[in-house]
Amino acid sequence: MVGQRGNEWQCETCGHQHQGLATVFGAQAPDVWLQATSTEREAGELTGDMCLLEVGGERHYFLRGPVEIPLIDAPGEVFSWSAWVSLSQESIQKIADHWDDPARASMPPVFGWLCNELPYDQPTTSIATHVHNREPGVVPYIELDPFTDHPLVREQASGISLHRLAEINKAVMG
Ligand SMILES: [Zn+2]
């Protein structure tokens, strides 16, 4: 929780003023891309939004999108983990086919697995997700499967405090 004193905001959890906090942290690639050999990466493809990687004769398809977490102390504002999910070939094809389709936002969500390790006490890789399309020009967003028991899933469902956002900033930036 946050208390306001004059025009200064003071955190009621720790008494500090949390200012200049980043509200987006992103992974540049799926973790498996970073672990892949240079030969595998050369045969694959990585853009800002999509990734293709063949490992052991099997093709893997990835999409990047925000895992948005509401900020309880700042209604309407969100913190986002910009993360990668793996999708089936059928799902990624469907999204690619409709990338510029004005009706894209009304497409049903597709299933994906989270593919980045984020700084939580429990592993975040392989959390089940639902990838929701939005209108053209806006990347799809990632809804974590609400029935998965995980701190990150609970944070997306319930939101986080400014104090927690400060902790996340510290966990990422040191
Ligand atoms: Zn605090």
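Mentor: Happy to, and let's begin with a total: the structure holds five salt bridges, a salt bridge being a side-chain nitrogen of Lys or Arg within 4 Å of a carboxyl oxygen of Asp or Glu. Please keep in mind that this is a predicted model, where local features need pLDDT of at least 70, side-chain atom pairs count only at pLDDT 80 or more, and totals for chains, interfaces and linings use all residues. Residues are numbered from 1 along each chain as its sequence is written, and side-chain values use heavy atoms, with hydrogens and water left out.

Trainee: Which residues are linked with Arg 164 in a network of salt bridges?

Mentor: Side chains of opposite charge can pair when their charged atoms come close. Arg 164 meets Glu 155 at 2.6 Å, N to O, and Arg 164 also forms a salt bridge with Glu 167, with the closest N and O atoms 3.4 Å apart. Arg 164 and Glu 167 lie three residues apart in helix 5, about one turn of the helix; helices here are DSSP runs (H or I, at least four residues) and strands are DSSP runs (E, at least two), numbered from the N terminus. The residues linked with Arg 164 in the network are Glu 155 and Glu 167.

Trainee: Is Glu 167 buried, partly exposed or exposed?

Mentor: Buried means under 20% relative accessible area, exposed over 50%, and partly exposed in between (1.4 Å probe, protein chains only). Both Arg 164 and Glu 155 are buried. Glu 167 has 39% relative accessibility, so Glu 167 counts as partly exposed.

Trainee: How far apart are the closest N and O atoms of Glu 54 and Arg 59?

Mentor: Glu 54 is partly exposed because its relative accessibility is 37%, and Arg 59 is partly exposed because its value is 47%. The two form a salt bridge, and the distance between their closest N and O atoms is 3.3 Å.

Trainee: Is Thr 124 buried or exposed?

Mentor: Thr 124 is in the loop between strand 8 and strand 9 (128–132). Leaving out residues up to four places away in sequence, Thr 124 touches Leu 114, Asn 116, Glu 117, Leu 118, His 150 and Leu 152, where contact means heavy atoms within 4.5 Å. Its relative accessibility is 0%, so Thr 124 counts as buried.

Trainee: Which residue in strand 6 stands opposite Cys 51?

Mentor: Strand 4 (residues 45–46) and strand 5 (residues 50–55) pair in the antiparallel sense over two bridges; strands pair if DSSP finds at least two bridges between them. In strand 5, Cys 51 is the bridge partner of Leu 46. Strand 5 also runs antiparallel to strand 6, joined by six bridges. There, the residue opposite Cys 51 is Phe 62.
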